[in-house]
Amino acid sequence: MRWQIRDNGIFWDAKGSAHTDSIEMSGRGCSVVVRYGTDENGRLILERRAVFPTLRLSPNVTEATFICDLPAESALSVDAAPEYAESFFYDGVLTVTSRCGDLQLRRTFFPDSSALGFWETLHITNHGSLPAAVTPCPGGTPKPCYGRGAYGIYEVETTLEDARPVVLAPGGHTVLRAHTSGGILHRPRSQSLGCQAELSARRTRIKALTGQSVLKTGNPVLDTLYRLCQIHAGESIFDTLAGPLHSPGGCEYYAASWTNDQLEYAGPWFAFAGDPLAKEASVNAYRQYVPFMGPQYTPIPTSVIAQGQDIWEGAGDRGDAAMFLYGCSRYVLTCGDSALAAEFTQPLLWCAEYCRRKTSAQGVVLSDSDELEGRFPSGCANLSTNCLCYAGLATAAAVVRQAGLLQDAERLEAQREALGRAIEAYFGANLNGLHTYRYYENCDVLRSWICWPLVAGFSERAQDTVEALFSPALWSVEGMLCAQGDSTYWDRGALYAMRGAFLQGQTERVWPELLRYAENRLLGERVPLPIEAWPEGGMRHLSAESALFCRIVSEGLLGFEPLGIRRFSLTPRTLPNIPHWQLSDIRACGASFDITINDDTCFVRTETQTLTLPVNTRSIVQL
């Protein structure tokens, strides 16, 4: 592996090793993307990109975010001598260490907490025996960059602090600072708090995101990847015209929400983890779709884009109502909030009715495509949409029951039972000699999304389905293929598959695969997070995939399943060679609690009680 674990982050000793990678760090107004590495001669490669989600281009479509690649002369540097990379460290803040002659340079990069900008600091130390002259930015004061968009002319400026020539005595040290900010020309800009205050705010935000639902297994790879996923899932929240919104990021998708990424993937995790800002962003996302739930039962859009001012539905009905049904109902129950249950009861009933009206003569729910939006065949009815609906009807019925609509709840439960029978009859199949599922009618190859019945609670074909998913036909060290015989990877399928396999009790089979996957994503060549896809998107790190990784722990290894406002089930798993593990400071179901597994016993500790539960067995918890 290229990287090592160090101090709650990852470290790369870069001397003599040619390689490049990139990392995105986000505040509420700006993302900074740093491409870093070394060339074949060991020289430092360092490129900066500023992303401004609320500065929209024209036409104001999904990808119309103003992005500025900063010229090399905007960077902090000391002179024309070559600079050689020494090491890179990331723990939510990127630190780059290099050497230029006798000078050691240490840079840090981090975004503003809420302003439209980011900081770069440069610590310079003279390790030589003679004085060394330091001339910051020898190319002169960085010139502004400009762009034109939907709101006017955009200006990006880099301002230098303490950037004056100095002579460093042997052992001498100096610090330079540069702030890059964006805004609309001739209009006031949001103000940064200043370098030290913004670094402190960044550290505080990291601590908030990683200080809840804290995982301790004793396996440093798993614990560290989980921690960095907590950061990335929770940092990609931007202040928009629609309020704070969680967005995928990846230099592509900002100031918008999607029925899969935000409603299905991230929202249920944020409800479990309990971060107030992330929960606010999730509620904003769910609310964006309610105005599209009309009496004609036309499909809700795939995404609400452009700061909530437009929509995108280019892939038709992807099963978006089923995604809302599943994600919103789990969010509401996991929050343990009766007011939210009352607010979203009618939208959930609408989605259930929409799915009922889309049901075929065979009893399965029809949709134009699925979450992959036509990249792979999905037939007229696919397994993903149907299992989303099946699982969502259970939690939606619990929300509706909480609102006092008992007959409606019973109707949803009956709809779910009928759909469950139809799923088994329509999708159940023998493929590659295994008693598993076909993804759509007449599909004769294994697909990664056959993992969905595992997540939705179907057990009859679970063992063979796990074998199919983690066989060489789909699984390798690089992840899980979308389809047997293809070469495309999408991590979301792998993340769901691992979660479903643990939920079905296939721990011994899948635990080694989880560890190998985690080591590759955390310490390999493209680090330190789950990816969206390869080759599409160049393995970009979209934020909701990080939320899906965290849900492997909460919903896979612990088997957390919300059943009511303050009621849930657990199926905690013992882990191979790990006699003790814990998830602490969980903020779910209206309470704060810890879950600890010691050998064959699980303890759930709240402020007022300790419950003792068996492991590898489903138990009901009432708080």
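Predicted model: local features only at pLDDT ≥ 70, side-chain atom pairs only at ≥ 80, totals over all residues.
**The nine-stranded sheet**

Let's start with a sheet that is open and built from 9 strands, in the order β1-β2-β7-β8-β9-β10-β15-β13-β12. The pairing in this sheet is antiparallel. As background, strands of a sheet pair through backbone hydrogen bonds, either parallel or antiparallel. At the edges you'll find β1 (4-6) and β12 (145-149), and each has a single partner strand, so one side of each has no neighbour in the sheet. On average, neighbouring strands here are turned by 20° against each other, direction ignored.

Strand β7 (residues 84-90) and strand β8 (residues 94-100) are joined in the antiparallel sense by 6 bridges. If you want a spot to look at, find Ser87: its bridge partner in β8 is Thr97. There's also a helix resting on this sheet: α1 (residues 195-210) packs on it and touches β7, β9 (103-111), β10 (117-126) and β15 (173-184). The direction of α1 makes about 65° with that of β9.

**The four-stranded sheet**

Another open sheet has 4 strands, ordered β3-β4-β5-β6, and its pairing is antiparallel too. Its edge strands are β3 (19-26) and β6 (65-69), each of which pairs on one side only. From one strand to the next, the twist averages 20°. Within this sheet, strand β4 (residues 31-38) runs antiparallel to strand β5 (residues 44-56), and 8 bridges join them. Gly37 is a handy landmark, as it stands opposite Ile45 in β5.

The hairpin of β30 and β31 has 2 residues between the strands, and Cys589 takes a positive phi near 55°.

β31 also pairs with strand β32 (residues 601-605), again in the antiparallel sense, over 5 bridges. Look for Ile597 here, whose bridge partner in β32 is Cys602. This hairpin of β31 and β32 has 2 residues between its strands as well, and Asp599 in the turn has a positive phi of about 55°.

**Helices that cross**

| Helix pair | Angle | Axis distance |
|---|---|---|
| α6 (338-357) and α7 (383-402) | about 140° | 8 Å |
| α4 (276-289) and α5 (320-335) | about 140° | 11 Å |
| α2 (220-235) and α12 | roughly 60° | within 9 Å |

What do these angles say about how the helices lie? For α6 and α7, packed at about 140°, the angle makes α6 oblique to α7. The crossing of α6 and α7 is left-handed. On the α6 side, the contact is made by Ser338, Ala341, Thr345, Leu348, Leu349, Ala352 and Cys355, while α7 brings Cys389, Leu393, Ala396, Val399, Val400 and Gln402. Sorted by kind, the residues of this contact are 10 nonpolar, 3 polar and no charged.

α4 and α5 are oblique to each other as well, and their crossing is left-handed. Lys279, Ser282, Val283, Tyr286 and Tyr289 of α4 make the contact with Phe324, Gly327, Cys328, Tyr331 and Cys335 of α5. These residues divide into 7 nonpolar, 2 polar and 1 charged.

For the remaining pair, the axes of α2 and α12 cross at roughly 60°, which makes α2 oblique to α12. α2 passes α12 in a left-handed crossing. In this contact, Val221, Leu222, Thr224, Leu225 and Leu228 of α2 meet Trp511, Leu514, Ala518, Glu519, Leu522 and Leu523 of α12. That set comprises 9 nonpolar, 1 polar and 1 charged residue.

Note on methods:
Residues numbered from 1 in each chain as written. Heavy atoms only, no water. Axes fitted to C-alpha atoms, helices over the stretch in contact; angles between N-to-C directions. Parallel < 35°, antiparallel > 145°, perpendicular 65-115°, else oblique. Left-handed = near helix turned anticlockwise from the far one by under 90°. Contact = heavy atoms within 4.5 Å. Nonpolar A, V, L, I, M, F, W, Y, C, P; charged D, E, K, R; others polar. Pairing = 2+ DSSP bridges.
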